[in-house]
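This report goes through a ligand shell, a set of annotated positions and some backbone details. Please look over the sequence and structure first.

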Amino acid sequence: MLADRHSMEVWGGRIDPEADSARWHQRIQALAEGGASGLVLLGFACDEGVRRNQGRVGAAGGPLALRKALANLAWHRLAPAYDAGDVCCEDGDLEAAQARLAHNVCALLDAGHLPLVLGGGHEVAFGSWSGLAEHLGGQAQPRIGIVNFDAHFDLRDPAHVHSSGTPFAQIAEQSAARGWPFRYACLGVSRASNTRALFTRAAELNVLVREDHEIRESTLDAIGTELDAFAADCDALYLTIDIDVLPACEAPGVSAPAARGVRLELLEPLLERLKASGKLRLVDFAELNPEYDIDNRTAKAAARLIHLLSL
Ligand SMILES: N=CN[C@@H](CCC(=O)O)C(=O)O
Ligand SMILES: [Mn+2]
Ligand SMILES: [Mn+2]
């Protein structure tokens, strides 16, 4: 593997004396060549995209905070989980860091693993997707479905700058250049936090949009059915979770906290539905900023979602 740094030191925590009481820190393994396929955590310690997007930096600390939050959670998995270390961006060269992330993601997919990338600002998405694209590149026209749970479209015009606000517009451009379809679902969007231009671009790109206020107990099943149909029309799903989709009380530790958001109890059933599709090939978490977290609330919420997806 080509990660920029790797240490298993963070994986420590409570050890219970009774049988069958393992936690993540007791079961996760350092990634090594030739191991059985499993879930692989790969950090993307980067907030250069957030800085370029005029946001609150600090998401570079996300991978470490996520591992710490995950370490003490109960282990219920049957298949292995590995830690592949971090890709870092310490010199402001975001494009080079995204390219290294892509090569690592591609190598993991080639080896039969499910990569779970720990961001980092949402600029992680361009690197993650590029890795999946590299992996599927041999296919004629792979139908990659992107499902983004986010208060924001992140479809800003990349002609100005590449940032945490542009990844899906960059992916749309790349897809068009390759003659591949662009299939993007963005759920949890806040109308108040996205300009008219962004809604217009989403409509032009035929994005499946569900706004934050549309996701309620009474609409969950219908939205789940929409996601089933979206997944059925794709060869592979890339799930990206911008943790600022949660309300600020559940996720204060982000660059742009959501005044309303979509609560965990509504998000979780939709994630279960996507998982049940059997088409998830790549997952990432974006925008956790530990510098603004309260009581590790945001890290714990994200770790709970990782735990749910890993069962
Ligand atoms: N990845 C973040 N994207 C948001 C940030 C919004 C904000 O800082 O208020 C965006 O660009 O729209
Ligand atoms: Mn985002
Ligand atoms: Mn967001």
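## Terms and numbering

A residue is called buried if 20 or more other C-beta atoms lie within 10 Å of its own, exposed if 12 or fewer do, and partly exposed in between, with C-beta atoms placed from the backbone. The model is predicted: local features need pLDDT of at least 70, side-chain atom pairs count only at pLDDT 80 or more, and totals for chains, interfaces and linings use all residues. Residues are numbered from 1 along each chain as its sequence is written, while chains are lettered from A and ligands numbered from 1 in the order in which they are written.

## Shell around ligand 1

The residues around ligand 1 are N53, G55, H122, H152, D154, R156, S164, G165, S255 and A256; a residue is taken as near a molecule if its C-beta atom, placed from the backbone, lies within 6 Å of it. This shell consists of 7 polar, 2 charged and 1 nonpolar residues. In this classification Ala, Val, Leu, Ile, Met, Phe, Trp, Tyr, Cys and Pro are nonpolar, Asp, Glu, Lys and Arg are charged, and the others, Gly among them, are polar.

## Annotated binding-site positions

An unreviewed UniProt entry lists H122, D150, H152, D154, D242 and D244 under "binding site". These positions span 123 residues of sequence, yet they cluster in space, with a largest C-alpha distance of 12.2 Å. "Binding site" in the unreviewed entry also covers D150, H152, D242 and D244. That group is spread over 95 residues of sequence and clusters in space too, its largest C-alpha distance being 8.6 Å. UniProt positions follow the numbering used here, feature names are shortened, and annotations may be inferred rather than shown by experiment.

## Surroundings of the annotated aspartates

D150 sits in the loop between strand 5 and helix 6, and D154 is in the loop between strand 5 (144–149) and helix 6 (167–178). Helices (H or I, at least four residues) and strands (E, at least two) are DSSP runs numbered from the N terminus. D150 counts as buried because 28 other C-beta atoms lie within 10 Å; D154 is buried because it has 30 C-beta neighbours inside 10 Å. Leaving aside neighbours within four places in sequence, D150 is in contact with C186, G188, D242, D244 and V245, where contact requires C-beta atoms, placed from the backbone, within 7 Å. On that basis the contacts of D154 include H122, S164 and G165.

D242 lies in strand 8 and is buried, with 30 other C-beta atoms within 10 Å. Among the residues that D242 touches are H122, D150 and H152. D244 is in the loop between strand 8 (236–242) and helix 9 (264–276). With 29 C-beta neighbours inside 10 Å, D244 is buried. The residues touched by D244 include D150, A256 and E287.

## Backbone details

Most residues other than glycine have a negative phi, and most peptide bonds are trans. G119 and G120 are joined by a cis peptide bond, with omega about 10°. G120 is in the loop between strand 4 (114–119) and helix 5 (124–136).

D295 has a positive phi, near 55°, and lies in the loop between strand 9 (280–286) and helix 10 (297–309). D295 is exposed, since it has 9 C-beta neighbours inside 10 Å. N296 also has a positive phi near 55° and is placed in the loop between strand 9 and helix 10. N296 is partly exposed, with 15 C-beta neighbours inside 10 Å.

Technical notes
Contact = placed C-beta atoms within 7 Å.
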